[in-house]
Amino acid sequence: MIATERLLLRPWREADKPVFHALANTPAMMAHFGGPVPRAKHDAIIDKMMAQQECHGHCMWVVELRETGEMAGVCGVRIGGHPDTPVPEELEIGWRIGERFWGQGIAREAAEASIAWSWANTARPRIAAWTVIGNTRSWGLMERLGMHRRADLDFRHPDYAPGDPFGAMIVYTIDRPA
């Protein structure tokens with residue numbers, strides 16, 4: 001669907017579920033999400049991505065290495081957000097790149113392609129991203145992508161108990177170019 005020099009970003013397939021779970025469900029990968037989870041939780045996330053693709057024509061897609069076809073992770077844009085927060089229905093960009101692929105620029109390459117796709121294929125005025133304050137790699141990439149911190153949009157993630165540090169989200173956005 002989206003091809004870059006090294007990557008292919010494509011919609012999900014049922015067969016991707018166990019591959020993604022094995023890639024993403026490590027202590028290092030899940031460090032900012034509260035730790036490893038049962039496969040059913042990842043399957044439910046993928047089901048939501050498939051529904052987003054069907055409904056909106058985009059989601060956080062599978063990121064494959066073009067050379068080998070190997071799944072490197074996930075990146076893309078979806079209609080995200082949470083009711084009763086400052087980000088109820090944002091065009092959200094996100095990524096999770098497998099730890100064996102860290103430090104290779106894959107997340108940035110996939111995110112830049114996703115942002116370019118978004119400006120060309122949606123009418124949204126901005127793209128948002130959020131993470132926990134301790135996820136310096138993630139918000140560092142947000143800054144390298146040209147996103148700006150929006151403390152006025154920070155929120156508590158409704159899937160985490162009050163006081164759980166994984167629920168405190170910081171938000172970055174990038175506005176549509178003029």
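Trainee: Are Trp12 and Phe20 buried or exposed?
Mentor: Trp12 and Phe20 are both buried. Keep in mind that this is a predicted model.

Trainee: What makes the pair of Trp12 and Phe20 edge-to-face?
Mentor: The ring centres of Trp12 and Phe20 are 5.5 Å apart, and pairing requires centres within 6.5 Å.

Trainee: Why is the pair of Trp61 and Trp117 called edge-to-face?
Mentor: Trp61 and Trp117 have 5.3 Å centre to centre and 80° between the planes. The angle is over 60 degrees, so the pair is edge-to-face. Trp61 lies in strand β3 and Trp117 in helix α3, 56 residues apart.

Trainee: How do you know that Trp117 counts as buried?
Mentor: Its relative accessibility is 16%, and buried means under 20%, so Trp117 qualifies. For Trp61 the value is 0%, so Trp61 is buried by the same cut-off.

Trainee: How do you know that Cys59 is in no disulfide?
Mentor: The nearest cysteine sulfur, that of Cys75, is 11 Å away. A disulfide needs the sulfur atoms within 2.5 Å, so the two are too far apart for a bond. The search of the whole structure finds zero disulfides.

Trainee: What span should helix α3 have, and what are its end C-alpha atoms apart?
Mentor: The 16 residues of α3, residues 106-121, should span 22 Å at 1.5 Å a residue. The end C-alpha atoms are 22 Å apart, so the two values agree.

Definitions and conventions: Residues are numbered from 1 along each chain as its sequence is written. This is a predicted model: local features need pLDDT of at least 70, side-chain atom pairs count only at pLDDT 80 or more; totals for chains, interfaces and linings use all residues. Side-chain values use heavy atoms; hydrogens and water are left out. Helices (H or I, at least four residues) and strands (E, at least two) are DSSP runs, numbered from the N terminus. The expected span of a helix is 1.5 Å times one less than its number of residues. Rings of Phe, Tyr and Trp (its six-membered ring) pair if their centres lie within 6.5 Å; planes under 30 degrees apart count as stacked, over 60 as edge-to-face and the rest as tilted. Buried means under 20% relative accessible area, exposed over 50%, partly exposed in between (1.4 Å probe, protein chains only).
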